[in-house]
Amino acid sequence: MRWPGATARVLIGLVAGALAGLSLAHGWPASAGTAVAIAQPIGKLWLSGLQMTVVPLVLSLVILGVATASDAAASGRVARRAMVVFIAVLSLFAAYAAIVAPLVLSAVPPSAALTATLHGTLPTAGAIETPGLAQWIGAIVPSNAIMAAAQGAMLPVVVFALFFGFALTRVDADRRAQIITFCHGIADTMIVIVRWMLVAAPIGVFALVLAVCAQAGIGVIGALAGYIVLQCGMYLGATLMCYVLVAVFARQSPLAFAKAILPAQVVAASTQSSLASLPAMVETARFRLGHPRAVAALVLPMAVTLFRITSPIQYVVAACFVAWAYGIDLNAVTLAGGAALAVVISLGSIGLPGQVSFMATVMPVTQSMGLPIEPLGLLLAVDTIPDVFATTGNVTGDLTASSIVARQSPDAVDADMEGHSGEP
């Protein structure tokens, strides 16, 4: 008998916790308080184990992301155009999530029992406030980077990492290589610790879901189902927006583009991996879309490494969902700051494995917006369900970026045509 995979074990923990919590709430209400008192510290302990890795992991990933992007941009005109397109498109989709997700969520009021239960898990629940403009500006550059890291203030930590990463590009190559190797070592070590924490994920998720369901009832299940539907809808919306971007910036027919990329989208949906879809993307770009070899061979591998359009959507939507569940209104400054941070983190987090990526990326954005992280353990359990839509959207975005770069790179077209001129 084959042991279930990590995702299956987490989902089993989610279902078991929900069933146990609902059974206590409706069948043995007298015992529910005792069960919650036992389960809550277990779930909190598991979340704390994940949280302790976030600052060093994000710090090292952002530095490595800046170094990788700088190296890619230095490789030629096509690569620099690609980096500009990547950042612009990621910013667009982060803004899309920051605008659409709160609007959609505001149309559905959260369960009063769920909100009360979630507030009950925080000893300082009444003090939850999202930062205003003055606070956001004052905190964006840390006066003490070490203190900011110790306090878990993710926005100033990321800003410091950006300064550090860009300054590192001006350092002697040998010394820069040593720092990059050191950052790789930190990131790899933190990933190992996160994997250890994820081994206990079924227990942690079970405890969290049991405690919430025992207090809030069936409303928790409905809220999680709504989160899944919202993520899938946002990913589909992003995929459709790619066709508009192709029409506007690549001057291609959206219908022809959709037909051309369909085989690559099928591979993406079946494998749920952008990397595994890369051969199909290259073939689609070269022979179905007619992109120059110089563009397809460079931009698409860069896109798989640095560019994932659904990442900022995932981070921002998760944070907005947490705010909705707690009944917290997010102001424009908070949403803009979270969206900007989501873009930066998405550039540095590509390649992180599965559930490691969720906690290392969503948690910093949620924290930076002044929101509690307790519900993230629940969202971790269900976030793999919309993965088919996410991967399909990412592959569509990669080919969209390649189309835009191909349109803006007549020099690459000329070079490609010259390369074919001597062939029989």
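How close do the axes of helix α4 and helix α11 come, and at what angle do they cross? The axes of α4 (residues 77-106) and α11 (residues 219-249) come within 11 Å and cross at roughly 135°. This is a predicted model, in which local features need pLDDT of at least 70 and side-chain atom pairs count only at pLDDT 80 or more, while totals for chains, interfaces and linings use all residues. Residues are numbered from 1 along each chain as its sequence is written, and side-chain values use heavy atoms, with hydrogens and water left out.

**The chain overall**
- The secondary structure comes to 20 helices and zero strands, where helices (H or I, at least four residues) and strands (E, at least two) are DSSP runs numbered from the N terminus.
- Of the 424 residues in the chain, 51% are buried (under 20% relative accessible area, with a 1.4 Å probe and protein chains only).
- Take the contacts (heavy atoms within 4.5 Å) between residues at least 6 apart in sequence: 84% of them join residues at least 24 apart.

- α4 passes α11 in a right-handed crossing, meaning that the near helix is turned clockwise from the far one by less than a right angle.
- Among the contact residues are Phe93 and Tyr96 of α4, along with Gly233, Met234 and Gly237 of α11.
- The residues of this contact divide into 15 nonpolar, two polar and no charged; Ala, Val, Leu, Ile, Met, Phe, Trp, Tyr, Cys and Pro count as nonpolar, Asp, Glu, Lys and Arg as charged, and the others, Gly among them, as polar.

- Arg251 lies in the loop between α11 and α12 (254-271), and its phi is near 55°, a positive value in a residue other than glycine.
- Arg251 is exposed, with a relative accessible area of 60% (the cut-off is over 50%).

**Elsewhere in the chain**
- Val55, in helix α3 (residues 54-73), is buried, with a relative accessible area of 16%.
- Val55 and Ala360 are 305 residues apart in sequence and 8.8 Å apart in space, C-alpha to C-alpha.
- In helix α13 (residues 278-288), the buried residues include Leu278, Met281 and Arg286.
- Gly290, which follows α13, has a positive phi, near 75°.

Key. Axes fitted to C-alpha atoms, helices over the stretch in contact; angles between N-to-C directions.
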